[in-house]
Amino acid sequence: MISSRERAILSWGYWFSALSLGLLLHPYMTLRRMVRDRLLRPLVALPAVSAGFLWMATLVMVRLGSLGLDVLGVGVPGGTTLVLAFLFWWVVWFLVLWQVVLAYLFVRFTVVLR
């Protein structure tokens, strides 16, 4: 049996996931709905927040990972480092460009719907 607290957490998670996926797959329609409903407006910054968390997680993993590998005496091949760096920067630039699109649409809908 699911308690009311667990049901609220699942409901909030579904709501957040649905809006996040909507912003990714069809930002025009989702953002138009978000501008009309003032409660949803903070989700416009989702890519920026995601990029910040990614940046911090990467810093922690690189520092702890390199320290752990040094203690174990394990070396990392240069190709692996280059591939991971490429993937990291690709994701960061994707999030930056996604944030630019959402910011443009947000300003556009805010001005038009006044």
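So, burial: of the 114 residues in this chain, 22% count as buried. Keep in mind this is a predicted model.

Okay, what's the fold made of? If you like boxes, the C-alpha atoms fill one of roughly 60 × 45 × 20 Å along the principal axes. And for contacts between residues at least 6 apart in sequence, 74% join residues at least 24 apart.

Now let's look at α4. That helix runs over residues 78-112, 35 residues in total, and spans 51 Å from its first C-alpha to its last, close to the 51 Å expected at 1.5 Å a residue. Its buried residues are Phe 88, Val 92, Leu 95, Trp 98, Gln 99, Leu 102, Leu 105, Phe 109 and Thr 110.

Next, the largest nonpolar core. There are 15 residues in there, and the ones touching the most other members are Leu 23, Leu 31, Met 34, Val 44, Trp 98, Leu 102 and Phe 109. Each of α1 (4-25), α2 (27-36), α3 (46-72) and α4 supplies at least two core residues. Which helix gives the largest share? That's α4, with five residues.

Last one, Phe 109: leaving out residues up to four places away in sequence, Phe 109 touches Tyr 28, Leu 31, Arg 32 and Val 35.

Methods. Residues numbered from 1 in each chain as written. Predicted model: local features only at pLDDT ≥ 70, side-chain atom pairs only at ≥ 80, totals over all residues. Heavy atoms only, no water. Helix = DSSP H or I, 4+ residues; strand = E, 2+ residues; numbered from the N terminus. Expected span 1.5 Å × (residues − 1). Buried < 20%, exposed > 50% of the residue type's maximum accessible area, 1.4 Å probe, protein only. Core = buried A, V, L, I, M, F, W, Y, C linked by side-chain atoms within 4.5 Å. Contact = heavy atoms within 4.5 Å.
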